[in-house]
Amino acid sequence: MARSPQIWVRMSKLLSQKGWRRTAIINVVLACMCDLTLLVCLLVSISQPGASFGRSSIIFQGSCITSSRLSLFFHLLINAISTAVLSSSNFFMQILNAPSRQEINNAHIWLQALDIGIPSIRNLLHVSRLKLASWLIFLITSIPIHLLFNSSIFETTYEGSQWNLTLATEKFTQGAPFFLPGASLCPAGSIGPYGFQEVWPGDGGGYGEYIPVDEYWNSTSAARQRIAYVAEHSHSWTVLNATQCYSEYVSCNPRSKYGDVVLILDSAASKGGWKRSDIFTFDPSTNLSEMWDPLVPPNAINSLWFSTQCYISRFKSSTGQDRCQNSCLGAMGLGESEFPLNTTWVAQNPWIITFFPAVRYGSDSLFPKGLEFNHKFDSFHVDHCLAQQIQPICKVGLSNALLLLVILSIFVKIIQGGVVAWKLPSASLVTPGDAIESFILYPDSVTQGLGTLDIADAQEIEFGERRHWSDTLHPRLTTKVQPRRWKKYLRRFKSIIPYTAWAKTYSIFIPGVALLTVGFAAASWATSDNYSGSLDHSDGVLTVDIWNGSPPGYIATLLFANTPQLILSLCYFSYNSLLTQIHVEKEWNAFSVSYQPLRVSYPSGQQISSYRLQLPYRHSVPLIIISIGLHWLVSNALFLYVNEGGYWDSSRGLNGFFDAFSVSKGSLIVIGYSPLFLLILFIAGFLCVIFPPAILSLYKIKGNMVAGGWNSLVISAACHIPNMHNNQDEHSFNTTDRYLREYVESSPEDRTEVFVGREEDEESFNKLLDSTQRKLRWGAMELPRKMVESVPGGERATFHLGFGGEEHDVSEPKDGEYYI
C-alpha cells in the first residue's frame, strides 16, 4: 500500500508532460476508453442465454430494413473506432522511427541521411532496439483489427424457399365446403389422380412436395391443418392480378415479400366449384368409386382443385451454371421445374393453366385405366391471386471470439503506448523544428560549409557510386570548402519529392485500384450494369463464387473478405506519409520567404508547439474522416454474408458453422458483395486516392531555397549560423577544416572518433540558444572577413547560405552568385 502514492505521483508527472508525450498520453487514454467500451459490449453479449466465445450472439432480430440499417450504423462505428485506433498507432510508430541526435550523428558519419518529421521505414535500421521492437508491436497488433473487426458484426438476411400453392375458386376463400385432396383427386406431389404413378418420366414433376394420400384423411395431419388454415385466412390476403401473380410465382424469386398463394380459378365449368362426377367417370369394374365416394362425394361441389407445399431454390449445376428449381411449375401449367437462372418467363395474358400433363402431352392414355377424363376441364383461367404478405425476420449478430481478439489487440497497443510515453527518452527529433534547433545548438561538422546542399545532392551522396580510397584518387580530394554557384529553379512538388516516394505511394495505390477495378468490372458483368438499389442489404446482395464448388474455410473466408481493409489502410499510411512529406517541404520552404518561428516539441521563447504530429488539423482531420468513409464503403462492398430461409444452396458457403453463427441449419454463409457500394467505392477511390497526389505534385514552391526539409543532411547543412560578433568563426572554420582533413586521412574504423562535436563556450552557446528561440529565416548571410579569406576563390564567395536571425540580415540568394 505504501507504493500506491508513488504510483499516483508518477502518473501526475506523466500527465503534466508537454509536447508529443502529452499527446501520447491522450492517445492511450482514448484507446483505453474504446477498449473498455468494447469489453462492456463483449460482457453483455456473452451473458446472453446460449452465448459463448464459440457461438455468436444475436443482438437484434426483427425487420430486415431495421437490421440492415443497424448493420450499416454498427459498421460505421466500427470503422470510426478502428481508424482512430490505427491513427493512434500511426502516431506512436512515427514517434518511434523519429531518430535521436546521436542516431543521426552515427548515420552522418557514413554519409547516410535519416528522415525527420515523416513516417520512415529506413529510419528503423538506425534507431534503438527498444524503438524497433515497439514499432513492430504496433504494426503486428494492427493486423487483427484490419482482418477481424469488421466481421465481428454481421447481418443475416432472409430469402424464403417454402410456400403453399392452392388452386381453388373464390368460394373456397369464403367458407365453401371442400374435400381433400381436391377436385383433381391429385395428392400433393403427384402428377395425376391417386393411384397413378407419382413421377412422370421426362416431365420432372412440378407438383410440389409429395404427401401420402392417407395424410389428407387424418384430421391431425400437418397437410390437412395447413389447407384448413388457407381456407380460413386467405380472404384477407393481398390481391394480385394475374400478371403480377405470374411474375411473382412463375419465376426464381425467393419468398421474401409474398408467401402462400391461392390462385383463383374462373371458368364456365367451375362456377363455385367442381363435381367429381362432372370431371371423372369411373369404370364400374374398378373399385375407384368405392374408394373415393366416402372422401370426395361424386355430386358435392368441391371448391378446392389442388393444394401442395412448394419450394424454390437457387443452386449451381455441375457445369457451373446458376440454375433455379421451382417445384410447383407443373401445377401452374408449365412442363418443367428446373431452369437456368437467366430464364425470362413472359407473363401470359390471360393466364391459362393446363393442369394435367396428360392434357399437355395430348394423350388420354396417360390417365390411369378405369378413369375417363372430361376435356371440358382441360384448362383453367386464372382470374387473380390472393397472396399472403410475409415479414421476413433478419438478424444482426456479434461474433464474440472475433471481438475478443480485437479487444486483446487494442489492449496490447495500450500497454505498449504507455511504455513509450513513460520510458522513451525525450531526445528524439520528432519535427523538423526539433532537428533545426539541435543542429544550430550543436553544429554537425560533417556538413560544415555545405550550405547549398539540397535533396538531390544528399541523394547523390547517399546513393551515388562510391569508390575505394586509392593513391590515384588522393590528389583530386580536398578538405577545403568549395563555393557553389546558385541557380534558381521554378520547382514543383513532383520534382522535389523523390521519385522513390512517388513510386512507393503509387506502388500501393495502383494494385489496390486494380483490384477494385477488377471487382467493379465483375460486378458490372454480373449485374449487366444494373446498380439500382438502396444503401442497405435489405433488398438482397450478390455472392462471390469463385471456388468452383469447394468453398474455403472460415479463416480463409475472413481473410478474403477483409484483405481490402488491410490494403486500404496501407494506402492510407502511404498517403499520409506523402502528404506529410509535402507539408514538411511547404513549412521548410516558408523559411526562405519570411522570418518564421520554429515548430518544436517543447517550445520556448517565440517557438510554437507542434501539431498532433506533422500534419495540421485542417489536413489530418479530413484525412481521417475520408479514411473512415472509405473503410465503411469497403465493409459494405465486400462482407461476410449470411442468408437464412433455404433459398440458396448452402453447399456454396461454409458448412458446419450454423451453430457458430447462431443461424438455422441450411443457411448460406459466404462472401457477399454489393454492386452499388462497389460503384460508389470505385468513384471515391479515384477522387480521393488517385487524383489528389497527382494534383498536389503540380503545386509550385514559392520560396527560393534548397529542397529537402525532411532530410537530416539537408537540415544539418543549413544550420551553421556564423558568429558575427567575435573571431570565433575563424576558429570554427579552421576546426571544421581540420575535422574534414582527419576524416579523409583516417581509416574507416577510426572515423567515428573524428566527428565528436567541439564544446562551445557558454557565451556562444547562449547566443545560439537565443537565436533558436526567436524567428529564423533561411537565405544568404555575409561571412566574417577572416572566413572569406580561408575559402578558395573567396573574393567571389562572401556569403553563406543557411538559417539566421534578424541580426544576420538574411536575404534571398541571387541567381549566378557563389555561396557556401
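**Entry 1: the whole protein**

I noted at the start that this is a predicted model. I looked up the helices and strands next. The protein has 23 helices and 24 strands. I then checked burial. Of its 820 residues, 52% count as buried.

**Entry 2**

I turned to helix packing. Two packed helices are described by the angle between their axes and the distance between the axes. So I looked up both values for each pair.

What angle do H3 and H5 make? Helix H3 covers residues 64–96, and helix H5 covers residues 129–140. They pack at about 160°, and their axes are 9 Å apart. The angle makes H3 roughly antiparallel to H5, because angles over 145 degrees count that way. Their crossing is left-handed.

I listed the residues that meet. H3 brings Ser89, Phe92, Met93 and Leu96. H5 brings Lys131, Ser134, Trp135, Phe138 and Leu139. By class, the residues of this contact are six nonpolar, two polar and one charged.

**Entry 2: H5 against H12**

I stayed with H5 and looked for another partner. Helix H12 spans residues 400–423. H5 and H12 pack at an angle of about 155°, with axes 10 Å apart. Therefore H5 and H12 are roughly antiparallel to each other. H5 passes H12 in a left-handed crossing.

Which residues of H5 meet H12? I found Ser134, Ile137 and Phe138 on the H5 side. On the H12 side are Val412, Lys413, Gln416, Gly417 and Val420. This contact divides into four nonpolar, three polar and one charged. I compared my two lists for H5.

I picked a single residue next. Glu103 sits in helix H4, residues 101–109. Is Glu103 buried or exposed? Its relative accessible area is 11%, so Glu103 is buried, because buried means under 20%.

I checked its surroundings, setting aside neighbours within four places in sequence. Glu103 is in contact with Ala98, Leu114, His126, Val127, Ser128 and Lys131. The side chains of Glu103 and Lys131 make a polar contact of 3.4 Å. Glu103 and Leu114 are eleven residues apart along the chain, and their C-alpha atoms are separated by 8.8 Å.

**Entry 3: H17 against H18**

I looked up one more helix pair. Helix H17 runs over residues 554–589, and helix H18 over residues 617–637. The angle is about 165°, and the axes are 10 Å apart. That makes H17 roughly antiparallel to H18. H17 passes H18 in a right-handed crossing.

The H17 residues in this contact include Pro564, Leu568, Tyr572, Tyr575 and Leu579. Those of H18 include Arg618, Leu623, Ile624, Leu630 and Val634. By class, the contact has nine nonpolar, eight polar and one charged residues.

**Entry 4: Thr173**

I moved to the loops. Thr173 lies in the loop between strand E3 (162–168) and helix H7 (222–233). Its relative accessible area is 3%, so Thr173 is buried. What lies 2.7 Å from a polar atom of its side chain? I found the backbone oxygen of Glu170 there.

I then left out residues up to four places away in sequence. Thr173 touches Ala231, Ser234, His235, Val262, Ile264 and Leu386.

**Entry 5: Ser662**

Ser662 lies between strand E20 (638–644) and strand E21 (668–673). At 10% relative accessibility, Ser662 counts as buried.

Where does its side chain reach? It comes to the backbone oxygen of Ser56 at 2.6 Å. A polar contact of 3.4 Å also joins the side chains of Ser662 and Arg55. Beyond four places in sequence, Ser662 is in contact with Arg55, Ser56, Ile58 and Lys395.

Technical notes:
Residues are numbered from 1 along each chain as its sequence is written. This is a predicted model: local features need pLDDT of at least 70, side-chain atom pairs count only at pLDDT 80 or more; totals for chains, interfaces and linings use all residues. Side-chain values use heavy atoms; hydrogens and water are left out. Axes are lines fitted to C-alpha atoms, for helices over the stretch in contact, and angles run from 0 to 180 degrees between N-to-C directions. Helices (H or I, at least four residues) and strands (E, at least two) are DSSP runs, numbered from the N terminus. Angles under 35 degrees count as roughly parallel, over 145 as roughly antiparallel, 65 to 115 as roughly perpendicular and the rest as oblique. A crossing is left-handed if the near helix is turned anticlockwise from the far one by less than a right angle, and right-handed if clockwise. Contact means heavy atoms within 4.5 Å. Ala, Val, Leu, Ile, Met, Phe, Trp, Tyr, Cys and Pro count as nonpolar, Asp, Glu, Lys and Arg as charged, and the others, Gly among them, as polar. Buried means under 20% relative accessible area, exposed over 50%, partly exposed in between (1.4 Å probe, protein chains only). A polar contact is a pair of N or O atoms within 3.5 Å; within protein, one must be able to donate a hydrogen and the other to accept it, and residues adjacent in sequence count only if both atoms are side-chain atoms.
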